[in-house]
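Look over the two chains below before reading on.

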Amino acid sequence: MTQVTRRARPIDRSAQLFVVGNVLLAVLLSGGIAHSVISDGRPPKIRVGFADTHRHLIDTRKHAEIIPDLQTAASINFDDGVTQLQLLSTAYKAHDTDSIVLGLRGLLNHAPDDSELHGELATVLLGIGHAEDALRHAEDALRHFEDALVHSSVAVRLNPDSSRLQITQGAVMLALERNQEAAASYRKALELNPDSEPAQRALKYPLKNY
Amino acid sequence: MAISSTLRSMGLIGRCFVHPIFDYLVIGGGLSLIVIPAVYLLADPPVMRDFTMLPWFILCSNSAHFAASTVRLYTKPGSRDALPFLTMVFPTVTLGVLTLCMFEADVIGRYVQLIYLSWSPYHYAAQAYGLAVMYCVRSGCELTQNQKRFLWWIAILPFFKVLLVATSKHVVAWHIPEQLVWSQVDWRGGVNLVTEVLGVLAMALPLVLFAQVWLTNRRSMPLISLLVIMTNGVWFVVFPLIDGFVWTTIFHGIQYLAIVMIFHVRDRVARPENKRGVVFHTICFYGMCLVLGYALFNCLPYGYQMLGFGAAESVLLVIAAINIHHFIVDGYIWKLGRGDANRRVVETVAIGTGA
């Protein structure tokens, strides 16, 4: 008798668990339908992944309001270039630099060879670094400058003939107080584009003696 | 000599489940070799993404196919006794883990996504292998253990190719962002060469195995076994990665629905108390898959939104969880063990045919 009771227990427990799981699922499903009817005025629409949800968010909310959702989407769906692009374009419209960085990093996962993306990310990181520096957050500023250097170096290696990328590299070096290398980058930028005003300005001041 | 040549030619088509045309086009994946070039020739690829019917198409093929493994699990004779954990406990565990992941979606979500993205091409390859072996068994072509092992390695070559091409889809990306992996040392030339070699091998080795079986077993592997392995290869070898995933998602879903319905209907029709026909059981099974597919992919995310979770994690993590649940369930419901309902379906026609 005891043996029978012992054997029956796990089955009972799994049956109970099965019932609990199904009740939870039923609550979530019926609640989901009710939520959709209340919020959208119709049962859940047949959709394709997150793309339709994103469209719905864009249609119903302001840019700044949907940034948290897009950030979550971009961090989960890190491999989908479209999700990163959605975050990036919304972040530019909302002037949200942290989200711009997130979007650019996400896009780089998708297109690691894109020198322009590396350059743009370096520029944004440099801007954040300068803002941190102005607030006297030296460690945070240095971290952003070093991160910017990684991306500007990759950008220059991928496309050494871009005057703009050489200027970005020069600006990052200047921020890191590596003036010799900064001057070299600006000179290279001038070689590529003799009319480059940022390069002329930087070599005139503050890199006059380098 | 005459007997040997007859055996070989009889085995070429193989013993099909429905009709050679249906089996080769739908289960073998031959349809994809017609439809994909047609789409590329007749329309721009973006048509696939802007197509207004796409959500319905996804529901009817992809969502329904995910639901089909669960429907099959609970309708397959004897599965509750044979798989008590999978049938009774696993759904609740999945729901619990999914809910926990929702709380830390920004941190954990990426890894859940990585697991399912890494697993997908393996799952497709494993299905191709399973179908190839199934048709061999059914057609009376007994592969040796070595031949089966060789077939398995050939089948998963596209999986390895995907892993190499998409660094962001697997374990490397857990630690280092892809752009930094590439920025340290530019070893992509070597990787590209290896992936090209893998692609060529994925296309050539099935033919080598076919010839080897032909020569050593003195009979032919059914061509559908060859086709099913090669179409999975074509999806990932010929097309760019993203297109490969799109096409595989569509045609794998169709392939899966066809074979699972065949097994289900044959089980139902074979029941002594059965009074209904094939069409009834097919419609019932597919109807259940459609309803469950709609409920899981479209209603469940709203359920989590109702609880206060964001739209992004609700949609994306539910999709990832359904995928992972499907992969695990699928690993068990297709076993061809002796006495299993699947074995009976596979062997039904093969026995006594001499084919």
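A residue counts as buried when its relative accessible area is under 20%, as exposed when it is over 50%, and as partly exposed in between, using a 1.4 Å probe and the protein chains only. With that scale, His95(A) is exposed because its relative accessibility is 69%. The model is predicted, so local features need pLDDT of at least 70 and side-chain atom pairs count only at pLDDT 80 or more, while totals for chains, interfaces and linings use all residues; side-chain values use heavy atoms, with hydrogens and water left out. Residues are numbered from 1 along each chain as its sequence is written, and chains are lettered from A and ligands numbered from 1 in the order in which they are written.

**Chain A**

- Chain A has 10 helices and 0 strands; helices (H or I, at least four residues) and strands (E, at least two) are DSSP runs, numbered from the N terminus.
- Along the sequence, the pattern of chain A reads α-α-α-α-α-α-α-α-α-α.
- Chain A holds 210 residues, and 43% of them count as buried.
- The accessible surface of chain A is about 11600 Å², with 56% of it belonging to carbon and sulfur atoms; such areas come from the Shrake-Rupley method with a 1.4 Å probe, and for residues only the protein chains shown count as cover.
- Of the contacts in chain A between residues at least 6 apart in sequence, 44% join residues at least 24 apart, where contact means heavy atoms within 4.5 Å.

**Chain B**

- Chain B has 17 helices and 0 strands.
- Of its 355 residues, 54% count as buried.
- Chain B exposes about 15700 Å², and carbon and sulfur atoms supply 70% of that area.
- Among contacts in chain B between residues at least 6 apart in sequence, 79% join residues at least 24 apart.

**Where the chains meet**

- Chain A gives 46 residues to the contact and chain B gives 49 residues.
- About 4200 Å² is buried between chain A and chain B, and carbon and sulfur atoms give 67% of it; buried area is the accessible area (1.4 Å probe) that two parts lose on being put together, summed over both.
- Ile46(A), Arg47(A) and Ile76(A) supply 18% of the area that chain A buries against chain B, more than any other three residues.

**The second largest pocket**

- A pocket is found on a 1 Å grid over the protein atoms alone, as an open set of points where a 1.4 Å probe fits, with protein on both sides within 12 Å along at least five of seven lines; lining residues have an atom within 4 Å of a point.
- The second largest pocket holds about 600 Å³ of space; grid points are joined across faces, edges and corners, and a volume is the space filled by probe spheres set on the points.
- Its lining has 20 residues, and Ala126(B), Gly130(B), Asp330(B), Gly331(B) and Trp334(B) lie nearest the centre.
- Helix H8 (105-138), helix H14 (241-270) and helix H16 (311-333) of chain B are the elements that give two or more residues to this lining.
- H8(B) gives the largest share, 10 residues.
- By class, the lining of the second largest pocket has 13 nonpolar, 5 polar and 2 charged residues; Ala, Val, Leu, Ile, Met, Phe, Trp, Tyr, Cys and Pro count as nonpolar, Asp, Glu, Lys and Arg as charged, and the others, Gly among them, as polar.

**Buried residues in helices**

- Val154(A) lies in helix H7 (residues 138-158) of chain A and counts as buried because its relative accessibility is 6%.
- Val154(A) and Asp114(A) are 40 residues apart along the chain, with their C-alpha atoms separated by 9.4 Å.
- Ile224(B) belongs to helix H13 (residues 223-237) of chain B and is buried, with a relative accessible area of 1%.
- Between Ile224(B) and Ile13(B) there are 7.0 Å in space, C-alpha to C-alpha, although they are 211 residues apart in sequence.
- Not counting residues up to four places away in sequence, Ile224(B) touches Asp23(B), Tyr24(B), Gly28(B) and Tyr135(B).
- Thr195(B), in helix H12 (residues 188-216) of chain B, counts as buried at 7% relative accessibility.
- Leaving aside neighbours within four places in sequence, Thr195(B) is in contact with Lys161(B), Leu164(B) and Val165(B).

**Loop residues with positive phi**

- His95(A) sits in the loop between helix H4 (81-94) and helix H5 (97-110) of chain A, and its phi is near 55°, a positive value in a residue other than glycine.
- Arg218(B), in the loop between H12 and H13 of chain B, has a positive phi of about 55° although it is not a glycine.
- Arg218(B) is exposed, with a relative accessible area of 55%.
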